[in-house]
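Here is a short report on one protein chain. Keep the sequence and the 3D view open while reading.

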Amino acid sequence: MSQDEGRSTGERPLQQSLLRGALMKCPACGVGSLFTRYLKVADNCSHCGEALHHHRADDAPAYFTIVIVGHVIVSLVLTVEMAYHPPLWLHAAIWLPMTILVALAVLAPMKGLLVSLQWALLMHGFDPDHKEEIGDRLAPPTA
């Protein structure tokens, strides 16, 4: 795969890029980290230089995380309640921390998956033929 101004040209296999994104790696090379911090997407891949700042994940990762975690935790809560009938304080002591931990564990891979989906489908400036418009990147302040 070759690059043109920091954008990969050539085939972008969807399944491979989704797997790389879920593993929080660059969708182009699979080596460089997709994030510089917990949820901060790198402007460019540290390994291949792929421009990643075009992503527009917005609230989608949080939404999908809530849907996934909600289904998993509620199913577990109902199963434990039906099987053991624990007191409410025990439910709170178990499920509140577990919900927070599972949500935090799922959120970053979900964002990586969505960024890699946008990359593979050439969305939001990931297309090598896309010309950046005013507002795509914040302009540096002028003196």
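## Overall layout

From the N terminus on, the protein's elements come in the order β-β-α-α-α. That makes two strands and three helices. The model is predicted.

The protein has 143 residues, and 31% of them count as buried. Among contacts in the protein with a separation of 6 or more, 59% are between residues 24 or more positions apart.

## The α2–α3 pair

Two packed helices are described by the angle between their axes and the distance between the axes. Here the pair is helix α2, residues 60-84, and helix α3, residues 88-120. Their axes come within 8 Å. They cross at roughly 145 degrees. The crossing of α2 past α3 is right-handed.

Which residues of α2 and α3 make the contact? From α2 come Ala60, Pro61, Ala62, Phe64, Thr65, Ile68, Val69, Ile73, Leu76, Val77, Val80 and Glu81. From α3 come His91, Trp95, Met98, Thr99, Val102, Ala103, Val106, Leu107, Met110, Lys111 and Leu114. By class, the contact of α2 with α3 has 18 nonpolar residues, three polar and two charged.

## Two residues on α3

Tryptophan 95 sits in helix α3. Is tryptophan 95 buried or exposed? Its relative accessible area is 10%, so tryptophan 95 is buried. Leaving aside neighbours within four places in sequence, tryptophan 95 is in contact with Ile73, Leu76, Val77 and Val80. Leucine 76 is 19 residues from tryptophan 95 along the chain, and their C-alpha atoms are separated by 8.9 Å.

Valine 102 is also found in helix α3. Its relative accessibility is 26%, so valine 102 counts as partly exposed. Valine 102 and threonine 65 are 37 residues apart in sequence. Their C-alpha atoms are 9.1 Å apart in space.

## Cysteines

A disulfide is a covalent bond between the sulfur atoms of two cysteines. How many disulfides does the structure hold? The structure holds zero. Cysteine 29 is in no disulfide, and the nearest cysteine sulfur, that of cysteine 45, is 3.6 Å away. Cysteine 45 is likewise in no disulfide, with the sulfur of cysteine 29 as its nearest cysteine sulfur. Why is there no bond in this pair? A disulfide needs the two sulfur atoms within 2.5 Å, and these are 3.6 Å apart.

Cysteine 45 has a relative accessible area of 5%, so it is buried.

## The loop between α1 and α2

Where is histidine 47? It is in the loop between α1, residues 14-22, and α2. Histidine 47 has a relative accessible area of 52%, so it is exposed. Not counting residues up to four places away in sequence, histidine 47 touches Cys29, Val31 and Gly32. One of these, cysteine 29, belongs to the cysteine pair described above.

Serine 33 lies in the loop between α1 and α2. Serine 33 has 34% relative accessibility, so it counts as partly exposed. Histidine 47 and serine 33 are 14 residues apart in sequence and 8.1 Å apart in space, C-alpha to C-alpha. Serine 33 touches Met24, Cys26, Ala42 and Ser46, not counting residues up to four places away in sequence. Serine 33 and arginine 20 are 13 residues apart in sequence, with 9.8 Å between their C-alpha atoms.

## Positive phi angles

Histidine 85 is not a glycine, although its phi is positive, at about 50 degrees. Histidine 85 lies in the loop between α2 and α3. At 56% relative accessibility, histidine 85 counts as exposed.

Leucine 122 is not a glycine, although its phi is positive, at about 60 degrees. Leucine 122 lies in the segment after α3. Its relative accessible area is 37%, so leucine 122 is partly exposed.

Terms used: Residues are numbered from 1 along each chain as its sequence is written. This is a predicted model: local features need pLDDT of at least 70, side-chain atom pairs count only at pLDDT 80 or more; totals for chains, interfaces and linings use all residues. Side-chain values use heavy atoms; hydrogens and water are left out. Helices (H or I, at least four residues) and strands (E, at least two) are DSSP runs, numbered from the N terminus. Buried means under 20% relative accessible area, exposed over 50%, partly exposed in between (1.4 Å probe, protein chains only). Contact means heavy atoms within 4.5 Å. Axes are lines fitted to C-alpha atoms, for helices over the stretch in contact, and angles run from 0 to 180 degrees between N-to-C directions. A crossing is left-handed if the near helix is turned anticlockwise from the far one by less than a right angle, and right-handed if clockwise. Ala, Val, Leu, Ile, Met, Phe, Trp, Tyr, Cys and Pro count as nonpolar, Asp, Glu, Lys and Arg as charged, and the others, Gly among them, as polar.
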